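Hi everyone, thanks for making time for this. I'd like to walk you through one chain, and I'll keep it short.

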Amino acid sequence: QVQLVESGGGLVQAGGSLRLSCAASGSIFRIDVMAWYRQAPGKQRELVADINSGGRTNYADSVKGRFTISRDNAKNTVSLQMNSLKPEDTAVYYCNAHTTLLGRVYDYWGQGTQVTVSS
């Protein structure tokens with residue numbers, strides 16, 4: 001089992017910045033992709049950004065140019081630097097770790113951290 005613990009959420013004014021962090025612990029053999037998802041009230045959970053073990057990144061169009069995902073493979077951590085925040089970024093943000101091992105897919109989730117952007 002892999003446990004993910006997020007930190008760094010909070011309340012910020014529009015235009016401000018926040019940094020989210022997530023640390024993975026437990027029985028970690030390999031984590032292929034680490035990602036951040038978010039879910040706003042009444043909406044489905046959506047991918048914000050992901051990064052593979054080689055450092056290749058992928059962003060939702062809505063956050064490109066404003067958010068930066070980074071990863072430390074040695075420490076099994078992933079961070080999300082969020083700049084120029086908008087009220088529509090308000091959501092619960094979830095850390096995700098994804099691995100495919102011997103044909104099986106493993107997905108692990110953190111408990112979520114609230115990000116609120118006031119206008």
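I'll start with the overall picture, then go through the strands, the core and the charged pairs.

First, some housekeeping. What you see is a predicted model, where local features need pLDDT of at least 70 and side-chain atom pairs count only at pLDDT 80 or more, while totals for chains, interfaces and linings use all residues. Residues are numbered from 1 along each chain as its sequence is written, and side-chain values use heavy atoms, with hydrogens and water left out.

So, the overall picture. The chain has 11 strands and zero helices; both kinds of element are DSSP runs numbered from the N terminus, with helices being H or I of at least four residues and strands being E of at least two. The C-alpha atoms fill a box of roughly 45 × 25 × 20 Å along the principal axes. The radius of gyration is 14 Å, which agrees with the value near 14 Å for a compact globule of 119 residues. That radius is taken over C-alpha atoms, and the globule rule is 2.2 Å times the number of residues to the power 0.38. Of the 119 residues, 40% count as buried. Buried means under 20% relative accessible area, exposed means over 50%, and partly exposed is in between, with a 1.4 Å probe and protein chains only. Contacts, by the way, are heavy atoms within 4.5 Å. Among those between residues at least 6 apart in sequence, 53% join residues at least 24 apart.

Now the strands. I call two strands paired if DSSP finds at least two bridges between them. There is an open sheet of four strands in the order β1-β3-β8-β7, paired antiparallel. β1 and β7 are at the edges with a single partner strand each, so one side of each has no neighbour in the sheet. On average, neighbouring strands here are turned by 15° against each other, direction ignored. The axes behind that angle are lines fitted to C-alpha atoms, for helices over the stretch in contact, and angles run from 0 to 180 degrees between N-to-C directions. Within this sheet, six bridges join β1 to β3, and V5 has A23 in β3 as its bridge partner.

Elsewhere, keep an eye on β9. Seven bridges join β4 to β9, running antiparallel, and R38 is partnered with Y93 in β9. β9 is also joined to β11 by three bridges, again antiparallel, with V92 standing opposite Q114. Then β9 pairs with β10, residues 104-109, in the antiparallel sense over six bridges, where T100 has V105 as its partner. β9 and β10 form a hairpin with two residues between them, and L102 in the turn has a positive phi of about 50°.

Which residues touch the most other members of the largest nonpolar core? They are W36, L80, M82 and Y93, out of 30 residues. A nonpolar core here is a set of buried Ala, Val, Leu, Ile, Met, Phe, Trp, Tyr and Cys residues joined through side-chain atoms within 4.5 Å.

Let's zoom in on L80, which lies in strand β8. L80 counts as buried because its relative accessibility is 0%. Beyond four places in sequence, L80 touches residues including L18, W36, V48, F67, I69 and Y93. The C-alpha atoms of L80 and R19 are 5.6 Å apart, although 61 residues separate them along the chain.

Finally, the charges. The whole structure has five salt bridges, each being a side-chain nitrogen of Lys or Arg within 4 Å of a carboxyl oxygen of Asp or Glu. R38 meets E46 at 2.7 Å, N to O, and R38 also meets D89 at 2.9 Å. Buried or exposed, where does D89 fall? D89 is buried, at 1%, and R38 is buried too, at 6%, whereas E46 is partly exposed at 36%. R38, E46 and D89 belong to a salt-bridge network together with R66. Another salt bridge joins K64 to D61, with the closest N and O atoms 3.1 Å apart, and D61 is exposed at 63%.

That's my tour, and I'm happy to take questions.
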